[in-house]
Amino acid sequence: MGRWLEHSVTTEIKAPVQRVWEVWSDLEAMPRWMRWIESVVTLDDPDITDWTLAAQGFRFHWKARISQRVEAQQLHWESVGGLPTKGAVRFYPQGDSHTVVRLTVSYELPGVLAPLMEPSILGGIVTKELQANLDRFRDLVERGDDGQS
């Protein structure tokens with residue numbers, strides 16, 4: 001069993017929580033704002049998705065199952081095959097027009113990366129990338145160019 005790493009990032013979005021939830025819930029659109037995610041495909045079961053991540057010359061694949069969904073509040077997932085991963089995104093309304101989003105992602109350090117990179121260095125890279133992704137999500141929602149306006 002490998003070493004697990006966990007990262008949490010937060011952003012505030014100038015939009016009502018229901019709108020932020022609706023945009024996030026379109027998992028197949030994630031590659032628009034999550035740079036390392038190459039594709040997300042919803043399978044026959046709407047709680048199971050097939051993910052491909054491509055970064056730094058590496059490609060990882062996994063299936064994820066939504067383990068908890070509370071509309072406009074939180075979404076939890078865990079992998080059911082491929083790269084071991086789990087996480088949650090939580091939505092905190094700040095009045096009627098702002099929402100704080102907190103994303104937590106945990107994953108088992110892939111064996112191919114373990115000898116190549118110190119986990120603390122990899123962790124810093126992943127945290128920065130997750131924050132940049134969440135900020136792109138914020139910008140997408142605030143601009144309203146997500147196709148849901």
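**Close-up views of a predicted model**

The structure holds 7 aromatic pairs; rings of Phe, Tyr and Trp (its six-membered ring) pair if their centres lie within 6.5 Å, and planes under 30 degrees apart count as stacked, over 60 as edge-to-face and the rest as tilted. This is a predicted model, in which local features need pLDDT of at least 70 and side-chain atom pairs count only at pLDDT 80 or more, while totals for chains, interfaces and linings use all residues. Residues are numbered from 1 along each chain as its sequence is written, and side-chain values use heavy atoms, with hydrogens and water left out.

**View 1. Trp21 and Phe91 form an edge-to-face aromatic pair.** The ring centres are 5.4 Å apart, with 80° between the planes. Trp21 belongs to helix H1 (residues 17-25) and Phe91 to strand S6 (residues 85-94), 70 residues apart. Helices (H or I, at least four residues) and strands (E, at least two) are DSSP runs, numbered from the N terminus. Both Trp21 and Phe91 are buried, that is, under 20% relative accessible area, where exposed means over 50% and partly exposed in between (1.4 Å probe, protein chains only).

**View 2. Trp24 and Phe91 also form an edge-to-face pair.** Here the distance is 6.3 Å centre to centre, and the angle between the planes is 80°. Trp24 lies in helix H1 and Phe91 in strand S6, so this pair ties together parts that are 67 residues apart in sequence. Trp24 and Phe91 are both buried. Ring pairs link Trp21, Trp24, Trp33, Phe91 and Phe137 into a cluster.

**View 3. An open sheet contains 7 strands with antiparallel pairing.** The strand order is S1-S7-S6-S5-S4-S3-S2; two strands pair if DSSP finds at least two bridges between them. Strand S1 (4-13) and strand S2 (37-42) are the edge strands, each pairing on one side only. Strand S4 (residues 58-70) and strand S5 (residues 74-82) pair in the antiparallel sense over 8 bridges. The bridge partner of Gln68 in S5 is His76.

**View 4. S7 pairs with S1 and with S6.** The antiparallel strands S1 and S7 are joined by 10 bridges, and S6 and S7 pair in the antiparallel sense over 10 bridges. Leu103 in S7 is the bridge partner of Val9 and of Val89. S7 is mostly covered, with 9 of its 11 residues buried. In the hairpin of S6 and S7, 3 residues stand between the strands, and Gly95 takes a positive phi near 75°.
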